[in-house]
Amino acid sequence: MNNVQKKYPVSFVSTLVTALIVFCILLVLMICYLQKITTHSLLAETSEKMLHEESLHISQHVEEYLNRPGIAGAFVSHMAMSETAGTSQAINKELKHLLKEDFPGGESILCVGYVTADGQYIAYQRKESTNDLYMIKTAVGRENQLNFFESDSDSAIPVHKIENYNLFSRPWFNQAMSQKTPFWTPKHYTRFGADRLVMSWRVPVYQNNHHFLGVFFADIDPAGLSLFLKKQFPAEHGFAVLLDERGNIIASSDNQYLIAKQHTQQTGSAEFTEHLPFLNVASTQHDGVKTVQEEGVQYYVATHPFTDPSRMLKWSLVIVTPDISAPASLFRSHISWFIAFAVFVLAALAIMIVLIRRFFNPFNQLMQKARALGLQPWQPSRQQRMYPEIAALEAELSNASMFISGALDEHTSRLEQDSETGLLTRSGLVNQPSLYQERNLLLMLRLTNLNDIRSTLGHAYSKTYIRSFAQQLLALTPADTLHCRYAEDLFILIFPGVNEAKDLDIYWGLLSSLFNVANRNDSGDADEWHQYVFAGQAGGSLETLTAENISECSMNAAMALQHSRPGANRECVIFTPDMREKELNNVTLHQALLKDLQREGFHLVLQPIINLDSPDTFSEGECLIRWQSPVLGFVPPDKFIGLAERTGLIIPLGRWIVEEACQQLAAFIKRGAPVDFKLHINISAVQLQQADFSEHLLLCITNNGLINKNICLEITESVLLQDTDQVIEHLNYLRRLGLSFAIDDFGSGYSSLSYLHLLPFDCLKIDRGFVNGIINDKKSEAVISSVIMLSQQFKVPLVAEGVETAEMGQKLQQMGCAKAQGYYYARPQVFSFWQPDNGLIRLVTQP
């Protein structure tokens with residue numbers, strides 16, 4: 001079922017116009033609202049900041065007020081420590097001067113006094129009505145009687161007496177005798193003079209910090225604090241209160257928030273009244289400004305904790321002010337501005353709507369014509385006037401229409417037809433309608449010498465060469481055959497009809513004539529297409545082609561092509577399921593090899609190399625790798641070494657072999673093997689190409705306490721297929737450092753004799769294929785004899801591999817072979833199997 005593209009119910013122009021109208025209306029409303037919110041927020045923020053600053057300012061002054069008794073106490077205590085008499089005239093004078101001159105006024109200290117250690121009491125207190133001073137002093141000769149004088153002199157007649165006033169029963173006096181630091185006496189009702197609630201600051205005086213001389217005290221009146229708050233915070237701004245740590249009111253700038261004096265005298269403290277329920281918020285708030293609703297009115301409550309300089313009082317200052325709302329006149333003053341702004345927005349909106357419609361009408365016409373862009377000739381617009389942008393857009397669309405039409409034709413041709421040969425491309429092959437019409441024979445052909453032709457004779461020649469090949473393919477195949485250039489040197493041929501294997505033989509018989517050099521026409525009148533020599537191979541797949549399996553059939557043909565012999569010409573291989581199974585086995589083997597490399601699933605074994613003159617002991621051996629896979633079981637080296645070299649895993653595997661071999665040899669020598677024991681390690685050509693191969697090898701030798709002469713590297717003739725000069729230079733460098741080299745499987749390669757005089761080597765190892773035929777094959781015997789002679793001329797020993805019988809060993813010894821290696825003497829065993837004894841290693845008789 002086709003998906004139908006959903007459309008909006010209205011056009012873009014209508015949507016845009018509607019959106020602009022809504023936007024303008026919302027813009028006006030938003031500006032009005034933001035103006036209101038901004039004004040209110042600004043006033044609220046300003047009020048909070050001012051209130052917070054005011055609380056800090058008042059708190060600072062209250063702290064200074066509470067610090068006055070401490071200042072007075074410092075003066076008197078310093079003087080008392082310098083006097084010998086506890087109630088000296090100097091102290092008397094200083095007390096009077098403090099209260100009268102230093103701290104005058106009813107808002108300051110109410111009373112100051114000094115009591116000696118022996119109970120002598122002298123004090124001056126301020127009168128509530130006249131602000132004059134009167135003296136309180138211990139009666140002469142009667143220590144338990146206090147006399148209250150009318151004036152500040154004891155020469156007047158006492159107006160009041162207190163009998164049995166025992167200072168030593170007073171808690172504050174006993175506390176002063178037991179501690180040396182000043183302290184506050186809790187609020188108490190004074191027994192002297194007028195009825196007042198006072199707080200006393202006590203300063204114990206000690207001589208040299210040890211001998212108690214007396215105690216200074218200064219009384220302050222919370223009512224004085226209230227008067228102080230009234231001056232600092234007038235009632236028209238709100239009110240301020242001081243709360244103690246229990247939430248009780250100490251002082252207030254407004255007397256209506258304090259309970260009557262009688263209740264105060266009974267309880268000793270002021271409490272909340274029913275008019276201040278919002279002070280509960282202040283009691284739970286540590287610091288900052290908070291808003292509270294009370295009876296429909298919003299208040300700002302600022303709480304600031306503070307203490308006196310002695311850090312003994314934990315009070316809080318609470319300031320309460322009503323919210324200051326933005327006046328309505330502020331909004332009315334802007335109403336004309338908002339009306340003008342709205343008119344301007346509406347006018348601009350009307351003009352914009354007209355312009356949008358004049359722009360989008362021709363644009364919609366262009367959009368209708370653009371639907372057929374490239375499919376039909378472009379028709380110019382009939383509208384007489386249009387905006388420059390629309391005119392430029394129409395011109396560009398007209399040019400694009402012509403360009404797209406041509407480009408589509410060219411692109412289709414380029415995608416589906418090869419430019420050099422005229423054959424189909426991969427895309428063109430897949431899009432051929434006749435591809436899946438009863439066809440089952442797919443042939444993938446590789447032109448094996450194309451790369452050599454291009455690198456030797458150049459690109460221009462190779463293009464002519466490939467065109468000639470394509471033309472001859474077309475000439476040799478049936479008319480309905482599909483031809484595809486799959487890659488640079490790969491061609492796919494799909495033959496018509498349902499075919500069998502015998503039909504493939506017929507077709508290949510025709511096609512292979514292209515690769516038959518004998519059929520080339522070397523006469524001077526040969527046509528252009530018969531001047532070239534082609535070499536090639538092919539892989540085929542016999543399976544009915546469908547749209548679902550065309551890729552799989554192509555891969556099957558490619559897999560069959562890979563199974564053709566390297567270098568073989570005119571060879572065609574048909575795909576079989578065994579090829580797929582072999583490929584899957586290689587994948588499984590590669591995955592298992594990779595996993596066991598990570599978890600060290602390999603181990604090394606040692607096979608002795610013996611001197612034929614003394615075959616009972618050995619001081620030389622070859623290190624061989626063994627793989628016991630937990631998934632695949634035992635895997636012979638010839639099954640995975642080649643795969644490791646082709647996939648690059650030989651690099652980490654080779655590094656592990658070198659590291660493990662050096663560790664095993666070092667441990668072997670420690671157990672008693674000869675210190676000059678020579679261990680042969682097989683090295684592949686891929687390892688020699690690694691830049692850090694020599695560095696890693698020498699580092700392993702050094703780290704395990706070995707010497708370079710302990711290691712002999714076995715190389716095969718395949719290393720000569722690489723950069724010969726670089727390989728020889730590399731080998732000479734290692735040989736100069738003391739390492740030795742053995743040429744393994746000598747005689748089985750292609751070019752050993754041509755480079756033998758250049759290669760640095762210390763030993764030759766003849767291929768086991770010649771050793772196996774030494775008894776019955778005269779040709780093998782002749783080859784071995786020649787190699788023995790060659791090794792003697794080079795003055796290096798020859799090691800015969802694969803010796804399995806005593807007869808073979810005796811024959812080799814008679815022919816002059818120096819060393820041998822094989823199952824007859826010893827099978828490969830782990831290093832721990834061999835038991836050296838004082839530098840001598842004996843062979844263990846094989847069962």
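A helix here is a DSSP run of H or I at least four residues long, and helices are numbered from the N terminus. Keep in mind that you are looking at a predicted model.

**Stop 1: a pair within one helix.** Select helix α15, residues 577-598, and show the side chains of E583 and R580; the two are 3 residues apart, which means they are separated by about one helical turn. They form a salt bridge, with the closest N and O atoms 3.6 Å apart. Are these side chains buried or exposed? E583 is partly exposed, at 33% relative accessibility, and R580 is partly exposed too, with a relative accessible area of 24%.

**Stop 2: a pair between strands.** Now select K819 and E620, whose closest N and O atoms are 2.6 Å apart in a salt bridge. K819 sits in strand β28 (residues 819-821) and E620 in strand β21 (residues 620-629), so this pair ties together parts that are 199 residues apart in sequence. K819 is buried, with a relative accessible area of 16%, and E620 counts as buried at 9%.

**Stop 3: a loop and a helix.** Next, pick D762 and R735, which meet in a salt bridge of 2.9 Å, N to O. D762 belongs to the loop between α21 (752-755) and β26 (763-766), while R735 is in helix α20 (residues 724-736), 27 residues away. D762 is partly exposed at 25% relative accessibility, and R735 is partly exposed at 34%. How many salt bridges does the structure hold? There are 15.

**Stop 4: the open sheet.** Colour the 5 strands in the order β15-β16-β14-β17-β18; their pairing is mixed. β15 (482-485) and β18 (571-574) are at the edges, each with a single partner strand, so one side of each has no neighbour in the sheet. From one strand to the next, the twist averages 20 degrees. Zoom in on β14 (residues 441-447) and β16 (residues 490-495), an antiparallel pair joined by 6 bridges. Here L441 stands opposite F495 in β16.

**Stop 5: the nonpolar cores.** Finally, select F602, F640, L653, L679, L713 and L812, the residues with the most contacts inside the largest nonpolar core, which has 78 residues. Helix α17 (residues 650-670) gives the largest share of this core, 11 residues. Around L653, look for its contacts, including L597, I625, I641 and A644. Another core, of 45 residues, lies apart from this one, and I58, I109, W184 and W201 are among its members.

Notes
Residues are numbered from 1 along each chain as its sequence is written. This is a predicted model: local features need pLDDT of at least 70, side-chain atom pairs count only at pLDDT 80 or more; totals for chains, interfaces and linings use all residues. Side-chain values use heavy atoms; hydrogens and water are left out. Two strands pair if DSSP finds at least two bridges between them. Axes are lines fitted to C-alpha atoms, for helices over the stretch in contact, and angles run from 0 to 180 degrees between N-to-C directions. A nonpolar core is a set of buried Ala, Val, Leu, Ile, Met, Phe, Trp, Tyr and Cys residues joined through side-chain atoms within 4.5 Å. Buried means under 20% relative accessible area, exposed over 50%, partly exposed in between (1.4 Å probe, protein chains only). Contact means heavy atoms within 4.5 Å. A salt bridge is a side-chain nitrogen of Lys or Arg within 4 Å of a carboxyl oxygen of Asp or Glu. Lists of a residue's contacts leave out its neighbours within four places in sequence.
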